Amino acid sequence: LIDEGAVVEEGDVVCRLDTADLEDRVEQLELDINQASANLETARTELEIQLTDNVAAIESAEIALEKARNELERYADGDAPKERRNLEVAIKEAQTNFTRAKKRFEDSKLLMEKEYINRSQFEEDEIAFERNTVQLEGAKRDMELFEQYTFPMTTTERDAAVRDAERSLDTAQKRAESNKLQKEVNVEQYQTRLTKLEKQHTEALEQIGKMTLTAPAPGIVIYGDPQRRWRRDEIRVG
């Protein structure tokens with residue numbers, strides 16, 4: 001505080017208020033700003049990572065769905081018809097062999113009765129007939145099992161795989177959106193805090209700047225109101 005009666009020029013300091021508390025606050029705000037800036041940068045990085053992870057997760061789910069659909073289509077239009085045709089061919093072959101073996105066995109039976117062939121030849125044709133009978137029954141049974149169990153069960157499994165893949169894709173999309181929103185909120189919160197701290201820092205610096213009073217013009221320092229000299233408070237340091 002300058003002495004009363006001192007002669008000053010314009011701009012000379014006449015009073016300087018204590019700025020210690022404000023300077024401490026500015027120092028703390030600067031530390032807080034640095035921390036908030038670091039948190040904001042981390043949040044932005046995490047958001048970028050999350051967006052990349054979201055793309056990868058959705059792409060993976062889409063690939064899995066496409067694969068499941070392709071497997072269903074391939075089985076319905078390719079593997080199943082092919083297997084059915086193979087079974088049909090097997091039945092036809094077994095039926096042909098059965099017919100031939102049956103005819104040979106019936107002929108052998110007549111020849112055996114007339115003793116044109118020996119017992120060993122007859123038994124060989126009989127065994128061949130029985131073997132072809134079993135093969136024909138097995139081929140027909142394979143077709144029945146395919147139509148009743150293999151085909152419907154495999155189709156059901158492929159359908160279920162497609163539905164599971166669809167649900168997985170939907171879950172991946174929803175989880176990606178949820179995680180993205182959460183990361184965006186974090187970025188927004190840290191940005192808001194940083195903006196608030198920077199504003200407080202600017203205001204504190206402005207307050208410090210206003211705590212140094214200078215002479216508005218050349219003259220003599222007089223305490224109180226010069227128009228009311230009889231009303232003056234004691235002005236002193238502190």
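Q: Why is E123 called partly exposed?
A: This is a predicted model, in which local features need pLDDT of at least 70 and side-chain atom pairs count only at pLDDT 80 or more, while totals for chains, interfaces and linings use all residues. Residues are numbered from 1 along each chain as its sequence is written, and side-chain values use heavy atoms, with hydrogens and water left out. The relative accessible area of E123 is 36%. Buried means under 20%, exposed means over 50%, and partly exposed lies in between (1.4 Å probe, protein chains only). E123 is therefore partly exposed.

Q: What makes the contact between R119 and E123 a salt bridge?
A: The N to O separation of these two side chains is 3.4 Å. A salt bridge requires a side-chain nitrogen of Lys or Arg within 4 Å of a carboxyl oxygen of Asp or Glu, so the pair qualifies. In general, side chains of opposite charge can pair when their charged atoms come close.

Q: Where do R119 and E123 lie?
A: Both belong to helix α2 (residues 119-209), four residues apart, about one turn of the helix. Helices are DSSP runs of H or I with at least four residues, strands are runs of E with at least two, and both are numbered from the N terminus.

Q: Why is R74 called exposed?
A: Its relative accessibility is 51%. This value is over the limit for exposed residues, so R74 is classed as exposed.

Q: How do you know that D79 forms a salt bridge with R74?
A: The closest N and O atoms of D79 and R74 are 3.6 Å apart. That distance lies within the limit for a salt bridge, so the pair is counted. D79 has a relative accessible area of 33% and is therefore partly exposed.

Q: Why is E184 called partly exposed?
A: E184 has a relative accessibility of 31%.

Q: How many salt bridges are found in the whole structure?
A: A search of the whole structure finds eleven.
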